[in-house]
Amino acid sequence: MTPAIVRTSNRTPPLHDGGVRRGDAKVTWRVMASGLGIALMFGVPVGAGDWSGFFLGASMARTSASSADRGPVSAPGLHLGYDHDFGRIVLGGEVEVDRSGRLTPDLQEDQTSRVKLRAGYDLGETLGYVTIGTARNESATDSDNGAVYGVGVSYSLNGALRLSGEYLHQDANDGAALQAPARDILSIRASFQF
């Protein structure tokens with residue numbers, strides 16, 4: 001019997017048993033990872049919270065006026081709003097009233113009312129959002145209006161109770177008789193969803 005000559009080659013022979021070559025495995029994992037990324041980006045998150053519904057709550061804010069000679073003041077408030085959950089995107093609006101108190105030595109505000117629209121991103125039990133709206137400052141003698149905008153995050157404890165933190169910047173209206181200063185507002189809020 002004569003010995004067979006064995007040739008070697010740099011090419012990998014095709015597999016006939018349904019297996020996958022090493023280079024093909026990398027492509028398969030890339031395709032699967034891309035598909036998972038697209039599903040996470042456009043799909044409804046697993047365990048997504050339902051943010052749709054009305055909510056009513058109370059807040060405690062620290063208000064710092066830009067031209068105040070004194071430090072921040074506490075401002076208790078109430079809010080009522082509605083959110084609609086579209087899957088990952090949540091759109092809503094809110095009416096809020098707080099009592100700012102003495103912001104400057106010359107300005108004692110009786111209350112500030114805000115009407116805000118907001119757009120958020122549903123992260124399951126957490127909602128991150130941006131907000132924009134208008135604010136009306138009222139004192140015993142006059143009132144003025146200004147723009148308000150900010151960001152917030154809300155956490156649903158059990159589907160009915162929300163805890164939130166919100167930062168707002170409220171612009172001053174220089175042409176108004178009240179001359180309310182611009183201010184930054186940091187608030188902690190508790191709301192009941194119904």
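Reply: Let us begin with a single residue and the residues around it. Apart from its neighbours within four places in sequence, Glu94 is in contact with Phe55, His79, Leu80, Gly81, Arg114, Val115, Lys116, Arg118 and Arg189. Please keep in mind that this is a predicted model.

Me: Where is Glu94 placed, and is Glu94 buried or exposed?

Reply: Glu94 belongs to strand 3, which covers residues 89-98. Buried means under 20% relative accessible area. Glu94 has a relative accessible area of 4%, so Glu94 is buried.

Me: What separates the C-alpha atoms of Glu94 and Leu80?

Reply: The two residues are 14 residues apart along the chain, and their C-alpha atoms are separated by 5.7 Å. The side chain of Glu94 also takes part in a polar contact of 2.7 Å with the side chain of Arg189.

Me: How should I read a salt bridge?

Reply: A salt bridge pairs a side-chain nitrogen of Lys or Arg with a carboxyl oxygen of Asp or Glu within 4 Å. This structure holds 12 salt bridges. One of them joins the side chains of Arg114 and Glu96, at 3.5 Å from N to O. Arg114 lies in strand 5 and Glu96 in strand 3, so this pair ties together parts that are 18 residues apart in sequence.

Me: Are Arg114 and Glu96 buried or exposed?

Reply: Arg114 has 1% relative accessibility and therefore counts as buried. Glu96, at 3%, counts as buried as well.

Me: Which salt bridges involve Glu166?

Reply: The side chain of Glu166 meets that of Lys116 in a salt bridge of 2.8 Å, N to O. This pair links distant parts of the chain, with Glu166 in strand 8 (residues 161-170) and Lys116 in strand 5, 50 residues apart. Both Glu166 and Lys116 are buried. Glu166 also meets Arg189 in a salt bridge of 3.5 Å, N to O. Arg189 lies in strand 9 (residues 183-193) and Glu166 in strand 8, so the pair ties together parts that are 23 residues apart in sequence.

Me: Which residues are linked in a network of salt bridges?

Reply: The network links Asp83, Glu94, Glu96, Asp98, Arg114, Lys116, Arg118, Arg162, Glu166 and Arg189.

Me: Where do nonpolar side chains tend to be found?

Reply: In soluble globular proteins, nonpolar side chains tend to be buried together. Here, the largest nonpolar core has five residues, namely Ala61, Ala75, Val148, Leu168 and Ile185. Beyond residues up to four places away in sequence, Val148 touches residues including Arg114, Lys116, Leu168 and Gln170.

Me: Which residues form a nonpolar patch on the surface?

Reply: Phe54, Leu56, Leu80, Tyr82 and Phe194 form such a patch, and together they have about 510 Å² of accessible area. Strand 1 (53-65) and strand 2 (73-85) are the elements that give two or more residues to the patch. Phe54, which lies in strand 1, has a relative accessible area of 43% and is partly exposed.

Note on methods. Residues numbered from 1 in each chain as written. Predicted model: local features only at pLDDT ≥ 70, side-chain atom pairs only at ≥ 80, totals over all residues. Heavy atoms only, no water. Patch = residues over 30% accessible without salt bridge, like charges linked within 9 Å, V, L, I, M, F, W, Y side chains within 5 Å. Areas by Shrake-Rupley, 256 points an atom, 1.4 Å probe, with all protein chains shown as cover. Helix = DSSP H or I, 4+ residues; strand = E, 2+ residues; numbered from the N terminus. Buried < 20%, exposed > 50% of the residue type's maximum accessible area, 1.4 Å probe, protein only. Contact = heavy atoms within 4.5 Å. Polar contact = N/O pair within 3.5 Å; in protein donor to acceptor, adjacent residues only side chain to side chain. Core = buried A, V, L, I, M, F, W, Y, C linked by side-chain atoms within 4.5 Å.
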